[in-house]
Amino acid sequence: MDLRIFIEPQQGASYDDQLRVAQAAERLGYDAFFRSDHFLAMGGDGLPGPTDAWLTLGGLARETSTIRLGTLVTSATFRQPGLLAIQVAQVDAMSGGRVELGLGAGWFEREHAAYGFPFPQRRFGLLTEQLEIVTGLWSTPVGETFSHDGEHYTLVDSPALPKPVQSPLPVIVGGNGPRRTPALAARFAAEYNTSFPEIADIPTRFDAVRGACEEAGRDPGTLKLSAALVLAVGRDEAEFTRRAAAIGREPAELREHGIAGTVPEALDRLAQIRGWGADRVYLQVLDLSDLDHLELVAAEIAPHLR
């Protein structure tokens, strides 16, 4: 099972902070470095302020060499799909083919108001059309054109350029909806992700997306399954408690909802999730200054999962 590092830079992280974590994750052998796509802190002042996800990933693409890069997840409300397709394809080229696009409907209304992004109450149609357009642009053969006439977007005779290096570039559909999100994942995605679910709900979420694949006539084994969960692990109870305090969380709550506790506890949780069919877990790292945390997991947990 792959372990991926996932950060929330809107909570307060410069580009250099993110670069430091990405390069450490690469050096330590993590499968991927992902970041959220948000523009407003959810608690705290968020200093020095937000960074754009795809601009950041473009920079990281040139300052790393092997680790995969992506978003969990880009909001369909932030960018027009034609622009998004160009941005992601360009970053894929800049990275030599290491990019993955996580795409979701968006949910945080306050950040839209803060920066002037429209926030329609019904966003699932936007997400569906964005997936149709982005994947349609990338899959159109060179020399042919792509058009789309939908409720939300119209594209006329697009040259459908540039193409990503990867063909197809992996798309991740994330969300916890019981029916429509699994159906979108079955239709468009290389991976389905459930983000911060109740632990006991993970097998139900995975079963729902497997069922959606079967209904769509797709082999469920062709869709990777993943979960994103907060990380707080210590060599002993004292170190775990210190890490919990550093991110403002209670140890008992972390144990209930995340990959948390001592190393044996974290291994047991990850083994449980792997037993439910997870191909990878995104470890939400909230204290970006604590690189020893990443080193601990890489040295004492990751080898048991390979």
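**Close-up views of a predicted model**

**View 1. Helix α11 and its surroundings.** The buried residues of α11 are H293, L294, L296, V297 and A298. Buried means under 20% relative accessible area, exposed over 50%, and partly exposed in between, with a 1.4 Å probe and protein chains only. These buried α11 residues pack against β1 (2-7), α1 (15-27), β10, α8, α10 (263-275) and β12 (280-285). Contact means heavy atoms within 4.5 Å. Helices (H or I, at least four residues) and strands (E, at least two) are DSSP runs, numbered from the N terminus.

The model is predicted: local features need pLDDT of at least 70, side-chain atom pairs count only at pLDDT 80 or more, and totals for chains, interfaces and linings use all residues. Residues are numbered from 1 along each chain as its sequence is written, and side-chain values use heavy atoms, with hydrogens and water left out.

View 2. Helix α8 spans residues 237-246, and its E239, F240, R243 and A244 are buried. These four cover an arc of only 140 degrees around the axis, which puts them on the same side of α8. The arc is that of the directions from the helix axis to the C-beta atoms. A238 and A245 are exposed on the other side of α8. Packing partners of the buried α8 residues are β10 (224-234), α9 (251-257), β11 (259-262) and α11 (291-300).

**View 3. The ends of α8.** At the helix start, a side-chain oxygen of D236 comes within 3.3 Å of the backbone nitrogen of A238. After α8 comes G248, with a positive phi near 70 degrees. The UniProt record, an unreviewed entry, places the feature "domain: Luciferase-like" at residues 8-248. UniProt positions are given in the numbering used here, feature names are shortened, and annotations may be inferred rather than shown by experiment. Over residues 8-248, the chain is 39% helix and 19% strand. The end C-alpha atoms of that stretch lie 15 Å apart.

View 4. The structure holds one cavity of 30 Å³ or more. The largest cavity has a volume of about 70 Å³. Its lining is formed by L231, A232, R243, A246, I247, Q284, V285, L286, D287, D290 and H293. The elements giving two or more residues to this lining are β10, α8 and β12. R243 is also among the buried residues of α8, and H293 among those of α11. On a 1 Å grid over the protein atoms alone, a cavity is a set of points where a 1.4 Å probe fits but cannot get out; a pocket is an open set with protein on both sides within 12 Å along at least five of seven lines; lining residues have an atom within 4 Å of a point.

**View 5. The largest pocket.** The volume of the largest pocket is about 870 Å³. It is lined by 37 residues, of which E8, H38, W107, S195 and F196 lie nearest its centre. Two or more lining residues come from each of β4 (74-75), α5 (124-139), α6 (180-188) and α9. For volumes, grid points are joined across faces, edges and corners, and the volume is the space filled by probe spheres set on the points.

**View 6. N193 in strand β9.** N193 is found in β9 (residues 191-195). N193 is buried, with a relative accessible area of 0%. The N193 side chain makes a polar contact with the side chain of S226 at 2.9 Å. A polar contact is a pair of N or O atoms within 3.5 Å; within protein, one must be able to donate a hydrogen and the other to accept it, and residues adjacent in sequence count only if both atoms are side-chain atoms. Leaving aside neighbours within four places in sequence, N193 contacts L72, I172, V173, G174, G175, S226, A227, A228 and Y282.

View 7. F196 has a positive phi near 55 degrees, though it is a residue other than glycine. F196 is partly exposed, at 38% relative accessible area. P197 is buried, at 4%. Beyond its neighbours within four places in sequence, P197 is in contact with I202, R205, A228 and L229.

**View 8. The loop between β7 and β8.** Most residues other than glycine have a negative phi, and most peptide bonds are trans. P162 lies in the loop between β7 (154-158) and β8 (171-174). A cis peptide bond joins L161 and P162, with omega about 0 degrees. P168 is in the loop between β7 and β8, and a cis peptide bond joins S167 and P168, with omega about 0 degrees. A160 is placed in the loop between β7 and β8. A160 is not a glycine, yet its phi is positive, about 60 degrees. At 3% relative accessibility, A160 counts as buried.
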